[in-house]
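Please examine the structure shown here together with its sequence.

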Amino acid sequence: MASAPNANLNAVRETMDVLLEISRLLNTGLDLESLSICVRLCEQGINPEALSSVIKELRKASESLKASENCTN
């Protein structure tokens with residue numbers, strides 16, 4: 001019976017490996033941890049398109065902050 005949880009864990013790892021490879025091919029810039037968080041949010045019912053929009057907006061805001069810090073230094 002101990003092999004069932006191991007098989008499930010292996011399936012989850014394989015799925016995440018495939019998703020990470022797809023993510024890299026699409027140049028999403030998501031690392032494994034970020035991708036895992038996104039998957040969990042989608043599994044909990046978050047709209048994937050809305051999540052994508054939020055990630056894009058956060059990246060834009062981060063870039064703006066970095067640019068403004070570089071201008072003041």
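The structure is a predicted model, in which local features need pLDDT of at least 70 and side-chain atom pairs count only at pLDDT 80 or more, while totals for chains, interfaces and linings use all residues. Residues are numbered from 1 along each chain as its sequence is written, and side-chain values use heavy atoms, with hydrogens and water left out. The predictor's confidence in each residue is given by pLDDT, on a scale from 0 to 100. For this protein the mean pLDDT is 92, and 96% of the residues reach 70 or more. Among the elements, α2 has the highest mean pLDDT (96) and α1 the lowest (92).

Helices here are DSSP runs (H or I, at least four residues), numbered from the N terminus.

Which residues of α1 are buried? They are M16, L20 and S23, where buried means under 20% relative accessible area, exposed over 50%, and partly exposed in between (1.4 Å probe, protein chains only). An α-helix has 3.6 residues a turn, so residues three or four places apart point the same way. The buried residues of α1 pack against α2, which covers residues 32–43.

S23, in helix α1, counts as buried because its relative accessibility is 4%. Apart from neighbours within four places in sequence, S23 is in contact (heavy atoms within 4.5 Å) with T28, L30 and L35.

The loop between α1 and α2 contains N27 and also G29. N27 follows α1 and has a positive phi of about 55 degrees, although N27 is not a glycine. N27 is exposed, with a relative accessible area of 67%; G29 likewise counts as exposed, at 68% relative accessibility. G29 lies 22 residues from L51 in sequence and 14 Å from it in space, C-alpha to C-alpha.

The largest pocket holds about 180 Å³ of space. A pocket is an open set of points on a 1 Å grid over the protein atoms alone, with protein on both sides within 12 Å along at least five of seven lines, and lining residues have an atom within 4 Å of a point. A volume is the space filled by probe spheres set on the points. The lining consists of L19, I22, S23, T28, L30, L35, C38, V39 and C42. Helices α1 and α2 each supply at least two lining residues, and α2 gives the most, with four. By class, the lining has seven nonpolar residues, two polar and no charged. In this scheme Ala, Val, Leu, Ile, Met, Phe, Trp, Tyr, Cys and Pro count as nonpolar, Asp, Glu, Lys and Arg as charged, and the others, Gly among them, as polar.

How values were computed. On a 1 Å grid over the protein atoms alone, a cavity is a set of points where a 1.4 Å probe fits but cannot get out, and a pocket is an open set with protein on both sides within 12 Å along at least five of seven lines; lining residues have an atom within 4 Å of a point.
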